[in-house]
Amino acid sequence: MKRFLPIVLALVISCLVVWGGNEILVSKIADNYDPSFGYKLNIQKNQGLILQRVGLEKGGSIPVYGSSELSGSTDPFQPVNFFAGQYEGVYYNLIGRGYCQSLIHLINFGALGDSLKGEKIVFFLSPQWFSKTGITSDDFQKNFSQQQYLTFLNNEEISPQLKRLTAQRVDSLLAQDESMDMRILSYLSANDAEQAQISLGALQPYYRLKEALLSTKDHVQGYRTLVEEPPLKGKDKSNMKPAIERSTVKIDWEAEKKRAQEVGKARSDNNQFGIDNGYFNDYLKEKLPNYKDSMHDQSYLESPEYGDLELLLSLCQELEIEPLFVSIPVNGLWYDYCGFPRQDRAQYYEKVKQLVTKAGYEFADFSDHEYDPYFLRDTMHLGWKGWVEVNEAILAYAR
(Lines give C-alpha, C1' and ligand atoms only; values in the text may rest on other atoms or scores of the structure.)
Protein backbone atom coordinates (compact mmCIF):
# COMPACT_ATOMS: atom_id res chain seq x y z
CA MET A 1 0.00 0.00 0.00
CA LYS A 2 2.86 2.33 0.93
CA ARG A 3 4.27 2.17 -2.57
CA PHE A 4 1.11 3.85 -3.92
CA LEU A 5 1.24 6.68 -1.39
CA PRO A 6 3.52 8.96 -3.47
CA ILE A 7 1.23 8.56 -6.48
CA VAL A 8 -1.85 9.42 -4.43
CA LEU A 9 -0.10 12.44 -2.89
CA ALA A 10 1.00 13.62 -6.33
CA LEU A 11 -2.56 13.38 -7.65
CA VAL A 12 -3.96 15.27 -4.64
CA ILE A 13 -1.35 18.03 -4.96
CA SER A 14 -1.97 18.28 -8.71
CA CYS A 15 -5.73 18.64 -8.15
CA LEU A 16 -5.15 21.33 -5.53
CA VAL A 17 -2.82 23.25 -7.84
CA VAL A 18 -5.35 23.11 -10.71
CA TRP A 19 -8.21 24.09 -8.41
CA GLY A 20 -6.23 27.00 -6.96
CA GLY A 21 -5.17 28.14 -10.41
CA ASN A 22 -8.77 28.12 -11.61
CA GLU A 23 -9.90 30.15 -8.62
CA ILE A 24 -7.18 32.75 -9.25
CA LEU A 25 -8.10 32.98 -12.95
CA VAL A 26 -11.81 33.41 -12.20
CA SER A 27 -10.95 36.21 -9.77
CA LYS A 28 -8.69 37.93 -12.33
CA ILE A 29 -11.33 37.63 -15.06
CA ALA A 30 -13.92 39.21 -12.76
CA ASP A 31 -11.50 42.04 -11.89
CA ASN A 32 -10.74 42.77 -15.54
CA TYR A 33 -14.22 42.37 -16.97
CA ASP A 34 -16.02 45.51 -18.10
CA PRO A 35 -19.57 45.64 -19.55
CA SER A 36 -18.24 47.27 -22.72
CA PHE A 37 -16.46 43.97 -23.52
CA GLY A 38 -19.93 42.74 -24.43
CA TYR A 39 -19.76 44.66 -27.70
CA LYS A 40 -16.80 42.53 -28.80
CA LEU A 41 -17.74 39.67 -31.11
CA ASN A 42 -15.41 36.97 -29.86
CA ILE A 43 -15.32 33.23 -30.52
CA GLN A 44 -13.88 32.48 -27.07
CA LYS A 45 -16.90 34.21 -25.53
CA ASN A 46 -19.25 32.33 -27.87
CA GLN A 47 -17.83 28.84 -27.29
CA GLY A 48 -16.60 29.10 -23.70
CA LEU A 49 -18.54 29.71 -20.50
CA ILE A 50 -16.49 31.80 -18.09
CA LEU A 51 -16.73 35.12 -19.99
CA GLN A 52 -20.49 34.76 -20.30
CA ARG A 53 -20.89 33.74 -16.66
CA VAL A 54 -18.81 36.62 -15.35
CA GLY A 55 -20.71 39.02 -17.62
CA LEU A 56 -24.01 37.79 -16.20
CA GLU A 57 -22.79 37.86 -12.60
CA LYS A 58 -21.42 41.40 -12.83
CA GLY A 59 -24.48 42.73 -14.65
CA GLY A 60 -24.32 46.00 -16.50
CA SER A 61 -25.20 44.67 -19.95
CA ILE A 62 -28.09 43.06 -21.81
CA PRO A 63 -27.24 39.58 -23.20
CA VAL A 64 -28.20 39.38 -26.89
CA TYR A 65 -27.99 36.02 -28.68
CA GLY A 66 -28.14 35.75 -32.46
CA SER A 67 -26.20 34.96 -35.60
CA SER A 68 -24.74 37.02 -38.46
CA GLU A 69 -26.98 40.05 -37.81
CA LEU A 70 -24.75 40.84 -34.80
CA SER A 71 -21.93 41.79 -37.17
CA GLY A 72 -21.89 44.97 -39.29
CA SER A 73 -20.01 47.22 -36.91
CA THR A 74 -19.60 49.97 -39.56
CA ASP A 75 -23.31 50.74 -39.33
CA PRO A 76 -23.66 53.88 -37.13
CA PHE A 77 -26.89 52.49 -35.69
CA GLN A 78 -25.50 49.08 -34.77
CA PRO A 79 -25.43 49.02 -30.92
CA VAL A 80 -21.66 49.26 -30.56
CA ASN A 81 -21.71 52.54 -32.51
CA PHE A 82 -25.17 53.81 -31.64
CA PHE A 83 -24.75 53.84 -27.86
CA ALA A 84 -21.03 54.59 -27.64
CA GLY A 85 -20.35 58.24 -27.02
CA GLN A 86 -23.83 59.70 -27.19
CA TYR A 87 -25.67 57.24 -24.92
CA GLU A 88 -23.09 56.12 -22.35
CA GLY A 89 -24.06 53.40 -19.90
CA VAL A 90 -26.06 51.20 -22.27
CA TYR A 91 -24.27 47.95 -23.09
CA TYR A 92 -25.24 44.78 -24.91
CA ASN A 93 -23.39 41.51 -24.51
CA LEU A 94 -23.41 40.20 -28.10
CA ILE A 95 -23.07 36.41 -28.35
CA GLY A 96 -23.16 34.63 -31.70
CA ARG A 97 -21.99 34.80 -35.29
CA GLY A 98 -23.02 33.30 -38.60
CA TYR A 99 -24.70 29.86 -38.20
CA CYS A 100 -25.19 30.22 -34.46
CA GLN A 101 -28.77 29.00 -34.61
CA SER A 102 -31.28 27.52 -32.16
CA LEU A 103 -29.39 24.28 -31.41
CA ILE A 104 -26.08 26.03 -30.72
CA HIS A 105 -27.75 28.54 -28.38
CA LEU A 106 -29.82 25.78 -26.76
CA ILE A 107 -26.64 23.92 -25.74
CA ASN A 108 -25.08 27.17 -24.53
CA PHE A 109 -28.17 28.09 -22.46
CA GLY A 110 -28.24 24.61 -20.91
CA ALA A 111 -24.56 24.87 -20.02
CA LEU A 112 -24.99 28.32 -18.45
CA GLY A 113 -27.93 26.97 -16.43
CA ASP A 114 -28.75 29.00 -13.33
CA SER A 115 -26.61 31.90 -14.55
CA LEU A 116 -29.45 32.82 -16.93
CA LYS A 117 -32.33 32.34 -14.49
CA GLY A 118 -34.21 35.59 -13.99
CA GLU A 119 -32.05 37.49 -16.49
CA LYS A 120 -33.61 39.59 -19.24
CA ILE A 121 -32.02 38.26 -22.40
CA VAL A 122 -32.74 38.77 -26.09
CA PHE A 123 -32.85 36.14 -28.84
CA PHE A 124 -32.87 37.01 -32.55
CA LEU A 125 -34.74 34.76 -35.00
CA SER A 126 -33.76 34.87 -38.67
CA PRO A 127 -35.92 33.47 -41.51
CA GLN A 128 -32.99 32.02 -43.44
CA TRP A 129 -32.35 29.55 -40.60
CA PHE A 130 -35.58 27.78 -41.57
CA SER A 131 -34.54 26.38 -44.93
CA LYS A 132 -35.78 22.96 -46.03
CA THR A 133 -32.56 21.26 -44.90
CA GLY A 134 -31.91 23.40 -41.81
CA ILE A 135 -28.36 23.93 -40.61
CA THR A 136 -25.78 21.74 -42.33
CA SER A 137 -23.33 19.52 -40.49
CA ASP A 138 -20.37 21.67 -41.55
CA ASP A 139 -22.00 24.91 -40.41
CA PHE A 140 -23.08 23.39 -37.10
CA GLN A 141 -19.56 22.20 -36.35
CA LYS A 142 -18.15 25.70 -36.91
CA ASN A 143 -19.80 26.82 -33.69
CA PHE A 144 -20.15 23.56 -31.76
CA SER A 145 -18.50 23.71 -28.33
CA GLN A 146 -17.45 20.45 -26.68
CA GLN A 147 -17.23 22.19 -23.32
CA GLN A 148 -20.74 23.58 -23.53
CA TYR A 149 -22.12 20.24 -24.75
CA LEU A 150 -20.54 18.27 -21.88
CA THR A 151 -21.77 20.82 -19.32
CA PHE A 152 -25.24 20.78 -20.90
CA LEU A 153 -25.46 16.97 -20.62
CA ASN A 154 -24.26 17.09 -17.00
CA ASN A 155 -26.76 19.77 -15.95
CA GLU A 156 -29.10 17.93 -13.57
CA GLU A 157 -31.75 20.65 -13.90
CA ILE A 158 -32.45 19.57 -17.50
CA SER A 159 -34.85 16.67 -18.02
CA PRO A 160 -33.51 13.36 -19.42
CA GLN A 161 -36.04 13.58 -22.26
CA LEU A 162 -34.78 16.99 -23.40
CA LYS A 163 -31.17 15.83 -23.19
CA ARG A 164 -31.99 12.73 -25.24
CA LEU A 165 -33.79 14.70 -27.98
CA THR A 166 -30.95 17.22 -28.13
CA ALA A 167 -28.35 14.44 -28.31
CA GLN A 168 -30.27 12.80 -31.17
CA ARG A 169 -30.11 16.03 -33.14
CA VAL A 170 -26.43 16.59 -32.31
CA ASP A 171 -25.65 12.98 -33.22
CA SER A 172 -27.10 13.53 -36.69
CA LEU A 173 -25.01 16.69 -37.22
CA LEU A 174 -21.73 15.23 -35.91
CA ALA A 175 -21.85 12.21 -38.22
CA GLN A 176 -18.75 13.39 -40.09
CA ASP A 177 -16.99 15.00 -37.13
CA GLU A 178 -13.42 13.87 -36.39
CA SER A 179 -13.99 13.93 -32.63
CA MET A 180 -14.93 10.32 -32.10
CA ASP A 181 -15.52 10.78 -28.37
CA MET A 182 -18.23 13.40 -29.02
CA ARG A 183 -19.91 11.14 -31.56
CA ILE A 184 -19.89 8.24 -29.08
CA LEU A 185 -21.24 10.52 -26.34
CA SER A 186 -24.07 11.72 -28.58
CA TYR A 187 -24.93 8.23 -29.78
CA LEU A 188 -25.11 6.84 -26.24
CA SER A 189 -26.92 9.89 -24.81
CA ALA A 190 -29.52 9.67 -27.58
CA ASN A 191 -30.19 6.01 -26.88
CA ASP A 192 -32.21 5.00 -23.81
CA ALA A 193 -31.55 1.27 -24.24
CA GLU A 194 -30.10 -0.35 -21.12
CA GLN A 195 -26.84 -1.38 -22.77
CA ALA A 196 -26.26 2.16 -24.05
CA GLN A 197 -26.85 3.65 -20.61
CA ILE A 198 -24.47 1.15 -18.99
CA SER A 199 -21.79 2.06 -21.52
CA LEU A 200 -22.42 5.76 -20.95
CA GLY A 201 -22.09 5.29 -17.20
CA ALA A 202 -18.79 3.46 -17.66
CA LEU A 203 -17.42 6.33 -19.74
CA GLN A 204 -18.55 9.07 -17.35
CA PRO A 205 -15.14 9.40 -15.58
CA TYR A 206 -13.53 10.12 -18.94
CA TYR A 207 -16.14 12.72 -19.94
CA ARG A 208 -16.06 14.37 -16.49
CA LEU A 209 -12.29 14.66 -16.70
CA LYS A 210 -12.53 16.10 -20.22
CA GLU A 211 -15.11 18.67 -19.06
CA ALA A 212 -12.79 19.71 -16.21
CA LEU A 213 -9.82 20.09 -18.56
CA LEU A 214 -11.86 22.11 -21.06
CA SER A 215 -13.09 24.32 -18.22
CA THR A 216 -9.50 25.03 -17.14
CA LYS A 217 -8.58 25.80 -20.75
CA ASP A 218 -11.58 28.15 -20.95
CA HIS A 219 -10.39 30.02 -17.84
CA VAL A 220 -6.89 30.45 -19.28
CA GLN A 221 -8.08 31.57 -22.70
CA GLY A 222 -10.83 33.73 -21.23
CA TYR A 223 -8.32 35.68 -19.14
CA ARG A 224 -5.95 35.94 -22.11
CA THR A 225 -8.81 37.27 -24.23
CA LEU A 226 -9.54 40.07 -21.76
CA VAL A 227 -5.84 40.99 -21.62
CA GLU A 228 -5.35 40.91 -25.39
CA GLU A 229 -8.70 42.52 -26.25
CA PRO A 230 -9.28 45.14 -23.56
CA PRO A 231 -12.76 46.65 -23.24
CA LEU A 232 -13.69 49.45 -25.59
CA LYS A 233 -13.68 52.06 -22.83
CA GLY A 234 -12.25 50.33 -19.78
CA LYS A 235 -13.62 52.87 -17.34
CA ASP A 236 -16.47 51.16 -15.62
CA LYS A 237 -15.20 48.37 -13.38
CA SER A 238 -17.66 48.87 -10.58
CA ASN A 239 -19.99 46.02 -9.74
CA MET A 240 -23.21 47.92 -10.26
CA LYS A 241 -26.53 46.46 -11.30
CA PRO A 242 -27.77 46.80 -14.86
CA ALA A 243 -26.40 49.83 -16.57
CA ILE A 244 -29.70 50.39 -18.25
CA GLU A 245 -31.28 50.98 -14.83
CA ARG A 246 -28.75 53.57 -13.75
CA SER A 247 -28.65 55.24 -17.12
CA THR A 248 -30.44 58.55 -17.17
CA VAL A 249 -30.13 58.72 -20.92
CA LYS A 250 -33.16 60.00 -22.76
CA ILE A 251 -33.30 58.88 -26.36
CA ASP A 252 -35.45 60.70 -28.89
CA TRP A 253 -36.37 57.61 -30.90
CA GLU A 254 -38.37 59.49 -33.53
CA ALA A 255 -35.44 61.81 -34.22
CA GLU A 256 -33.10 58.80 -34.45
CA LYS A 257 -35.42 57.08 -36.94
CA LYS A 258 -35.39 60.18 -39.14
CA ARG A 259 -31.60 60.34 -38.93
CA ALA A 260 -31.38 56.63 -39.82
CA GLN A 261 -33.68 57.24 -42.78
CA GLU A 262 -31.34 59.91 -44.14
CA VAL A 263 -28.19 57.85 -43.59
CA GLY A 264 -29.75 54.75 -45.15
CA LYS A 265 -31.00 56.71 -48.14
CA ALA A 266 -27.55 58.18 -48.80
CA ARG A 267 -25.82 54.80 -48.47
CA SER A 268 -28.14 52.79 -50.74
CA ASP A 269 -28.75 55.00 -53.76
CA ASN A 270 -27.27 52.76 -56.48
CA ASN A 271 -30.03 50.10 -56.50
CA GLN A 272 -33.80 49.75 -56.27
CA PHE A 273 -33.74 47.35 -53.27
CA GLY A 274 -32.54 49.72 -50.52
CA ILE A 275 -29.37 47.64 -50.18
CA ASP A 276 -26.08 49.17 -49.04
CA ASN A 277 -24.14 50.41 -52.08
CA GLY A 278 -20.95 48.56 -51.19
CA TYR A 279 -22.74 45.27 -50.54
CA PHE A 280 -24.70 45.61 -53.77
CA ASN A 281 -21.56 46.29 -55.80
CA ASP A 282 -19.56 43.49 -54.18
CA TYR A 283 -22.09 40.69 -54.12
CA LEU A 284 -25.13 41.34 -56.34
CA LYS A 285 -24.60 43.83 -59.16
CA GLU A 286 -22.71 41.69 -61.67
CA LYS A 287 -24.94 38.64 -61.22
CA LEU A 288 -28.23 40.51 -60.85
CA PRO A 289 -29.95 38.84 -63.84
CA ASN A 290 -29.03 35.42 -62.47
CA TYR A 291 -30.91 36.12 -59.23
CA LYS A 292 -34.21 36.83 -61.01
CA ASP A 293 -36.73 34.18 -59.83
CA SER A 294 -33.84 32.08 -58.51
CA MET A 295 -35.70 31.37 -55.22
CA HIS A 296 -39.13 30.54 -56.64
CA ASP A 297 -39.05 26.96 -55.29
CA GLN A 298 -37.82 27.80 -51.81
CA SER A 299 -39.82 27.75 -48.60
CA TYR A 300 -39.36 28.47 -44.90
CA LEU A 301 -42.35 26.40 -43.77
CA GLU A 302 -40.79 22.94 -43.36
CA SER A 303 -37.42 22.76 -41.67
CA PRO A 304 -35.56 20.81 -38.94
CA GLU A 305 -34.95 24.25 -37.43
CA TYR A 306 -38.53 24.29 -36.07
CA GLY A 307 -37.73 21.22 -33.99
CA ASP A 308 -34.56 22.89 -32.72
CA LEU A 309 -36.52 26.03 -31.79
CA GLU A 310 -39.10 23.94 -29.93
CA LEU A 311 -36.31 22.25 -27.97
CA LEU A 312 -34.89 25.67 -27.08
CA LEU A 313 -38.31 26.86 -25.91
CA SER A 314 -38.67 23.74 -23.75
CA LEU A 315 -35.24 24.32 -22.23
CA CYS A 316 -36.14 27.93 -21.40
CA GLN A 317 -39.24 26.67 -19.61
CA GLU A 318 -37.32 24.02 -17.66
CA LEU A 319 -34.56 26.46 -16.58
CA GLU A 320 -36.89 29.45 -16.10
CA ILE A 321 -35.12 31.57 -18.70
CA GLU A 322 -37.23 34.41 -20.10
CA PRO A 323 -35.94 35.71 -23.44
CA LEU A 324 -37.44 38.37 -25.61
CA PHE A 325 -37.64 36.81 -29.09
CA VAL A 326 -37.01 39.29 -31.92
CA SER A 327 -38.35 38.32 -35.35
CA ILE A 328 -36.21 39.84 -38.11
CA PRO A 329 -37.78 40.15 -41.61
CA VAL A 330 -36.14 39.67 -45.00
CA ASN A 331 -35.84 42.38 -47.65
CA GLY A 332 -39.25 42.12 -49.34
CA LEU A 333 -38.19 43.90 -52.55
CA TRP A 334 -35.20 41.60 -53.00
CA TYR A 335 -37.10 38.41 -52.13
CA ASP A 336 -39.88 39.36 -54.57
CA TYR A 337 -37.24 39.90 -57.28
CA CYS A 338 -35.81 36.44 -56.53
CA GLY A 339 -39.29 34.91 -56.72
CA PHE A 340 -39.48 33.67 -53.10
CA PRO A 341 -43.26 33.33 -52.51
CA ARG A 342 -44.56 36.23 -50.41
CA GLN A 343 -47.32 34.10 -48.90
CA ASP A 344 -44.73 31.58 -47.74
CA ARG A 345 -42.84 34.31 -45.90
CA ALA A 346 -46.04 35.54 -44.24
CA GLN A 347 -46.82 32.03 -43.06
CA TYR A 348 -43.28 31.65 -41.69
CA TYR A 349 -43.59 34.83 -39.61
CA GLU A 350 -46.90 33.66 -38.18
CA LYS A 351 -45.59 30.14 -37.52
CA VAL A 352 -42.64 31.25 -35.38
CA LYS A 353 -44.83 33.81 -33.61
CA GLN A 354 -47.31 31.11 -32.65
CA LEU A 355 -44.54 28.79 -31.39
CA VAL A 356 -42.98 31.47 -29.20
CA THR A 357 -46.15 33.06 -27.82
CA LYS A 358 -47.74 29.66 -27.17
CA ALA A 359 -44.69 28.86 -25.02
CA GLY A 360 -45.44 32.05 -23.07
CA TYR A 361 -42.61 34.33 -24.18
CA GLU A 362 -42.55 37.93 -25.36
CA PHE A 363 -42.25 38.36 -29.10
CA ALA A 364 -41.03 41.53 -30.85
CA ASP A 365 -42.49 41.15 -34.33
CA PHE A 366 -40.87 43.22 -37.10
CA SER A 367 -42.28 41.18 -39.98
CA ASP A 368 -44.30 44.17 -41.21
CA HIS A 369 -41.03 45.95 -42.07
CA GLU A 370 -40.26 43.78 -45.11
CA TYR A 371 -40.86 46.74 -47.42
CA ASP A 372 -39.74 49.46 -45.00
CA PRO A 373 -36.89 51.29 -46.82
CA TYR A 374 -33.53 51.16 -45.02
CA PHE A 375 -34.80 48.79 -42.31
CA LEU A 376 -32.27 46.23 -43.59
CA ARG A 377 -28.78 46.93 -44.91
CA ASP A 378 -28.74 44.02 -47.37
CA THR A 379 -31.05 41.15 -48.23
CA MET A 380 -31.59 39.92 -44.67
CA HIS A 381 -29.52 41.75 -42.02
CA LEU A 382 -30.64 44.65 -39.84
CA GLY A 383 -29.58 48.06 -41.12
CA TRP A 384 -29.96 51.71 -40.25
CA LYS A 385 -33.66 52.03 -39.35
CA GLY A 386 -33.89 48.41 -38.32
CA TRP A 387 -31.33 48.77 -35.57
CA VAL A 388 -33.02 51.90 -34.20
CA GLU A 389 -36.39 50.10 -34.06
CA VAL A 390 -34.87 46.98 -32.49
CA ASN A 391 -32.77 48.97 -29.99
CA GLU A 392 -35.93 50.77 -28.88
CA ALA A 393 -37.74 47.44 -28.36
CA ILE A 394 -34.81 45.89 -26.46
CA LEU A 395 -34.44 48.84 -24.09
CA ALA A 396 -38.18 48.92 -23.47
CA TYR A 397 -37.98 45.22 -22.55
CA ALA A 398 -34.89 45.59 -20.36
CA ARG A 399 -36.11 48.56 -18.32
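1. A salt bridge here is a side-chain nitrogen of Lys or Arg within 4 Å of a carboxyl oxygen of Asp or Glu. In this predicted model, Asp372 and Lys385 meet that rule, with their closest N and O atoms 2.6 Å apart. Asp372 sits in the loop between E5 and H18, while Lys385 belongs to helix H18, so the pair ties together parts that are 13 residues apart in sequence. Both Asp372 and Lys385 are buried.

2. Glu370, in the loop between E5 and H18, is linked to Arg345 in helix H17 (residues 342-358). The closest N and O atoms of Arg345 and Glu370 are 2.8 Å apart. This pair links distant parts of the chain, 25 residues apart. Arg345 has a relative accessibility of 1% and therefore counts as buried. Glu370 is also buried, because its relative accessible area is 8% and the cut-off for buried is under 20%.

3. The salt bridge between Arg259 and Glu256 has an N to O distance of 2.9 Å. Both residues belong to helix H12 (residues 253-267), where they are 3 residues apart, which means a separation of about one helical turn.

4. By the rule given in the opening point, the count comes to 12 salt bridges.

5. Now the sheet. How many strands form the open sheet, and in what order? There are 5, arranged as E2-E1-E3-E4-E5, with parallel pairing. Strand E2 (92-95) and strand E5 (362-365) are the edge strands, each pairing on one side only. From one strand to the next, the twist averages 25°.

6. Which strands does helix H18 touch? Helix H18 (residues 384-398) packs on the sheet and touches strand E1 (62-65), E2, strand E3 (120-125), E4 and E5. The direction of H18 makes about 150° with that of E3. Helix H18 is also where Lys385 lies, the partner of Asp372.

Conventions:
Residues numbered from 1 in each chain as written. Predicted model: local features only at pLDDT ≥ 70, side-chain atom pairs only at ≥ 80, totals over all residues. Heavy atoms only, no water. Pairing = 2+ DSSP bridges. Helix = DSSP H or I, 4+ residues; strand = E, 2+ residues; numbered from the N terminus. Axes fitted to C-alpha atoms, helices over the stretch in contact; angles between N-to-C directions. Contact = heavy atoms within 4.5 Å. Buried < 20%, exposed > 50% of the residue type's maximum accessible area, 1.4 Å probe, protein only.
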